[in-house]
Amino acid sequence: MRIVPFIVCAAITAALVILLNSQIPTGGSKTPRLGYFLSPQKGFWQNAEPTDVSFNNDLKFDGIEGNADVYFDDRLVPHVYADNEHDAFFIQGYLHAKFRLWQMDFQTYAAGGRLSEIMGDSANGTSFLKIDKFFRRLGMVYGAENSLKEMETDPATKASCDAYTNGVNAYINSLDESSYPLEYKLLNYKPEPWTNMKSALFLKYMSYDLAGFEQDFEKTNAKSVFTKAQYQALFPYGQDSLDPINPKGAVFVKPGVNMTPPANADSLYLNYKQTVEPAAAPEKPDKNNGSNNWAVSGAKTKSGRPILCNDPHLGLNLPSIWYEMQISTPSFNAYGASFPGSPSIIIGFNDSCAWGFTNAERDVRDYYELKFKDSTLQEYWYNGAWRQATFRDEIIKIRGKPSDTEHIAMTVWGPVMYDQHYPDKLHTNKTYACRWKAHDGSNELKTFYALNHAQNYDDYTAAIASYQCPGQNMIFAAKGGDIAIKQQGQFPAKWKGQGDFIMPGDDTNYAWRGNIPDSENMVMHNPLRGFVSSANQLTYDTSYPYYLGGSYPVYRGFIVNRNLTAMQNITTDDMEHLQTSNYNVFAEIARPALLKYIADSTLTANEKNYLDVFKSWNLNNDATETGPTIFKIWWDSLMKVTYSDEFAQTSLPLPWPDGSTLIDGIIKDSTYQFADNINTPEKETIQDDVTASFKQAVQMLQKLEGEGHLTWGKFKSSGVRHLLLIPAFSRLNITNAGGGDNIINAFTKYHGPSWRMIVELTDKINAYGIYPGGQEGNPGSKYYDAFISDWVVGKYYRLLFANREEMQQQTNLKGKIVFSKL
Amino acid sequence: MKFFIAILLTALLGYAAPLYFPWWSFAVTSFIVAVFIHQKPLKAFAGGFIALLLLWGIHAYIIDNANEHILSQKIANVLPLGGASSVLILITAFVGAIVSGFAALTASFTRGKKV
């Protein structure tokens, strides 16, 4: 034996193995374990799914009670035929995991403030620890724990969750390191067992996304900058173009609750003086999280049967938030979009009816300023006495580092979100507790479960009665001819202005006045006009006796209602056109005003050219048009020219006015008060602002034209991004997509219609749908992003709502899984 | 002949071992094969190297073809290799090969020099 070369070579071999088995830091992140990752038997190659893969399988589990067949149609949509509900939910869990495990797991890590566990405290410039702290302090885990109790108290919900969880775990248990989803291999961690708590966390994440938008700190700051008159002009309650969900002119009953503001509110709360240094949140839910839904009665359709349409607008991600499927059991037969992470069909239809949702957009999260006795936060001043706080310790595990503990004081209002420990960079030394509707225990799954079973209007109202948060406009249509919409949720009863700003936390009078009684929530059932609709606009006109708070886009609702009023003899084709319409009604309203105020005579020939294009634009935000680009840049620049001088009075964050505020302002009043630039001696007029902003816009337009990016599609350059924002796993630079803000086809850069669905309630249901994603979450599958190209151009797929015999006759199935008892 | 048998055995065991053990278990089998089929250091290295080069290269190639390069192109952007599937296959093959080659080379020193 040659000792020296042996030892040297053995050391080199061992070093190579150790190196290739380690994560190596590069730039802001770490590589996967390259030897494992590249191994064709273990690593990413195992996730490269053959394009002709068959999904045939025969699976036996302890958790299955009867027999069930799952047929995968040509788009890989599973059609589950189970002997009983228990097996159906077990299989739904199994399928969600089989096709979407990493996504559902990752989303619950995000919701529960656990990203640092897998990502480390930061990577590529993102502080995951900061995000985790934010979610923990907001009370996401606290809220999910409360909801889990409610969910597990209801026998049907508990049974469906238990079966679902067992199904997910049956799949997880079948995995080994070679079959883990790709992202686990990339980030080098392992799937953990699913629990009902993870479903609860996922649903709380939806509450965060849909009922978590507020600007209380920004508005509190605005109070210190603007007078009351200015504030009300900048952030008005209601808009001129408002066509509320519940049509204008409705008469409301006098509220049973006393809605008078506290006696000291004018001096203490609505004072427009106080400055609060806001603690910046690491992220905010997208203000655009909205949706369209509408249902027309048989009187307006060609078939004589109702048609229901829904397209929820969310951040567009891969894997998609939706997973399409049919679940058929002896007790219900439903089809639609499901949430990986939760049992039941969420938006869809069954043998008798169809249902869908838009977001109610109500402000259900408020902050209270508290005075604590000392920095231990043991006691706070409340109703004239010191009151004891309790504590929650939230332990954040950090990959590769010691854990971090958030020691959170709990008060009558809720968790103390901000104190001297979080975040400290503004040194406010003040404490703010958060009161959020999503902190309360609630069982939303009960509603989805019951909707899956609903057969008629009464079943629908019973199904949604217990639903709390996030508040939704729940639309319904049935084969029997009923159409309906109800704004459902537990909404705090607020006096005018309550919760817009940070409230005093030492006075019980500033608490929400209970909940608005359910009987005073908007409901419309078979209205004379023949349709019901919602698009996140204000539910009621401003005479509604409770304050609505929140932020409400106005134009989509306006144009939906104008179209539906005019339409007759409607077919599903007509609905496809309406749902994918790129018509810009905001531009229709704004263009005459802009053209009225612009000083033509001062424009150069080049500027006139752009103005002519704008004048002759057909008002459609189609991908090939240049009018939308001109309008968008001009409008944004006008907003800046008009408001940025007033808003520069503070370096702290302020809420930015809505476009509708400016256009309503300048249409009504040619001496608009904010037109003047307060930093110049001259008195600027709206004519000056409109002309100056156009000249500024032309400079940018010329640059875009030089780059060949002047058409709307190229300017917008939309995309659907992977949850980890990895470009190679995303579909970026989509240049043939129209749509945008204020447009029914609400596809902005990375946000838009996440599931388009049209259901005609004929005897044999006639339904169409599509979402911008694909049935497989695996980037190595051809089904990963299979629907995106069709979705972008406004195509729909006919939804195959079939019984077992019809499925057996399908010739283009991708496979069949038979589930049976072990 | 001995050289080819070594390659064949190394590849065969290099495939079998990771079915039950971690990805790097082929290094152990490459070592064992080279202990029993003893060759001069250069030949031993070449045998171990070529065996895994072919095993991992061909395996990755077959998977990639069946997948129509969908995933390899994405990974070749993540890593980053300019999106070239072929480069990714070559790197994959090389990583297996270099470990196996050194394992086999180590084994060649378990006996004294042949005269």
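Student: Where is A:Asn778 in this model?

Tutor: In this predicted model, A:Asn778 sits in the loop between β31 (766–770) and α23 (788–792) of chain A.

Student: What makes A:Asn778 count as buried or exposed?

Tutor: The count of C-beta neighbours decides. A residue is buried if 20 or more other C-beta atoms lie within 10 Å of its own. A:Asn778 has 23 C-beta neighbours inside 10 Å, so A:Asn778 counts as buried.

Student: Which residues is A:Asn778 in contact with, leaving aside its neighbours within four places in sequence?

Tutor: Those residues are A:Asn47, A:Glu49, A:Pro181, A:Leu182 and A:Tyr784. A:Glu49 is 729 residues apart from A:Asn778 along the chain, yet their C-alpha atoms are separated by 8.6 Å.

Student: How do you know that the span of helix α15 of chain A agrees with its number of residues?

Tutor: The expected span is 1.5 Å times one less than the number of residues. For the 12 residues of α15 (residues 555–566) that should be 16 Å, and the end C-alpha atoms are 17 Å apart, which agrees.

Student: What do the buried residues of α15(A) pack against?

Tutor: They pack against β8 (291–296), β26 (531–534) and α17 (585–597) of chain A. Among the buried residues of α15(A) are A:Tyr555, A:Phe558 and A:Leu564.

Student: Why are β20 and β24 of chain A said to stand at the edges?

Tutor: The open sheet has 4 strands in the order β20-β21-β15-β24 (chain A), with mixed pairing. β20 (416–418) and β24 (503–504) each have a single partner strand, so one side of each is left without a neighbour in the sheet.

Student: How many bridges join β20(A) to β21(A)?

Tutor: There are 2 bridges, and the two strands run antiparallel. Two strands pair if there are at least two bridges between them, so β20(A) and β21(A) count as paired. In β21(A), A:Tyr432 is the bridge partner of A:Tyr418.

Student: Why is α4(B) called roughly perpendicular to α5(B)?

Tutor: Their axes come within 8 Å and cross at roughly 80 degrees. Angles of 65 to 115 degrees count as roughly perpendicular, so α4(B) is roughly perpendicular to α5(B). The residues of this contact divide into 4 nonpolar, 3 polar and no charged.

Student: Which helix gives the most to the side of chain B that touches chain A?

Tutor: Across the two chains, 32 residues of chain B are in contact with 33 residues of chain A. On the chain B side, α5(B) gives the most, with 9 residues. The residues of that side divide into 20 nonpolar, 8 polar and 4 charged.

Definitions and conventions
Residues numbered from 1 in each chain as written. Chains lettered and ligands numbered in written order. Predicted model: local features only at pLDDT ≥ 70, side-chain atom pairs only at ≥ 80, totals over all residues. Contact = placed C-beta atoms within 7 Å. Nonpolar A, V, L, I, M, F, W, Y, C, P; charged D, E, K, R; others polar. Buried ≥ 20, exposed ≤ 12 C-beta atoms within 10 Å, placed from the backbone. Axes fitted to C-alpha atoms, helices over the stretch in contact; angles between N-to-C directions. Parallel < 35°, antiparallel > 145°, perpendicular 65-115°, else oblique.
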